[in-house]
Amino acid sequence: MRILFGLLISLLCLAAPCFADGPTDDDPLEGFNRPMFSFNDTVDVYVLEPVAKGWDKVVPNRVQTSISSFFENLRSPYDCVHGLLQARPHQAAVSFARFIGNTTFGLAGFFDPMSDWGLQSSSEDFGQTFAVWGIPSGPYLVLPFMGPSTIRDTAGFTADSISTVHGWFIPAIYPIFSTATRTVNDRARALKTVRNIKEASVDYYTAVRNGYLQRRQAQIQNRRGAATSADDDLYKIDEE
């Protein structure tokens, strides 16, 4: 399931230039991206947002935070591997320590005592790792249901999907359920933020595009800087 979806995304990346109409220098695929963005926004407005509002009413904020912490903890071993791939042994060690500590003292990760103890999380993916390896980002690309991306980040998403170990031996219904739960929970926590962005934006598409690209660039610059610094000092805590 994951592999087929990843391959579909890859095919969309290859086909995207064929749909481009009226490209700009900073967004050559805008002719494809805007209709796809409008489609995603319609799905969000009529499906995801109403579900998220219902979730927000019945699930207390503290529980929402615990659910986010749980899913973040599940990613910690994955973050550890990417720390090694990015030549950041210190961050890899922090991710491993966070997983052990939050799984035990944090009750399976529903709480995050390791952050209180100075070990901050660092969410990693193949898109960031590819950037550290020097692979260019390529054009901005909006994916169906997935949202903002770039050609490099989409290739990274495909690699993430294939390399997720549990997807190979756990029935598909469980990853689908966990992904749906995390998506609804994250959307519920972002209700106010998304509303404020829409109200403040003259062009919502441009605001989301610029925000995504700036955020990814900041993440990648931090990774590149960390990869070339004295990152082998396991007693120094990263402050990213």
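**Exercise 1. Find where helix 2 bends, and by how much.**

Helix 2 bends by about 45° at D44. That bend is the angle between axes fitted to the seven residues ending there and the seven starting there. Helices here are DSSP runs of H or I with at least four residues, strands are E runs of at least two, and both are numbered from the N terminus.

Before going on: this is a predicted model, where local features need pLDDT of at least 70, side-chain atom pairs count only at pLDDT 80 or more, and totals for chains, interfaces and linings use all residues. Residues are numbered from 1 along each chain as its sequence is written, and side-chain values use heavy atoms, with hydrogens and water left out.

Next, check the span. Helix 2 covers residues 30–58, which is 29 residues, and reaches 39 Å from its first C-alpha to its last. That is close to the expected 42 Å, where the expected span is 1.5 Å times one less than the number of residues.

**Exercise 2. Work out how the rings of F37 and Y204 are arranged.**

Start with the whole structure: a search finds 10 aromatic pairs. Rings of Phe, Tyr and Trp (its six-membered ring) pair if their centres lie within 6.5 Å; planes under 30 degrees apart are stacked, over 60 edge-to-face, and the rest tilted.

Now apply that. The ring centres of F37 and Y204 are 5.3 Å apart and the planes stand at 65°, so this pair is edge-to-face. F37 sits in helix 2 and Y204 in helix 10 (residues 204–227), so the pair ties together parts 167 residues apart in sequence.

Then look at accessibility. Buried means under 20% relative accessible area, exposed over 50%, and partly exposed in between (1.4 Å probe, protein chains only). With 13%, F37 is buried, while Y204, at 21%, is partly exposed.

**Exercise 3. Describe how strand 1 and strand 2 are joined.**

Strands pair if DSSP finds at least two bridges between them. Strand 1 (residues 140–143) and strand 2 (residues 147–150) run antiparallel, with 4 bridges joining them. Pick L141: its bridge partner in strand 2 is S149.

Finally, inspect the hairpin. It has 3 residues between the strands, and F145 takes a positive phi near 70°.
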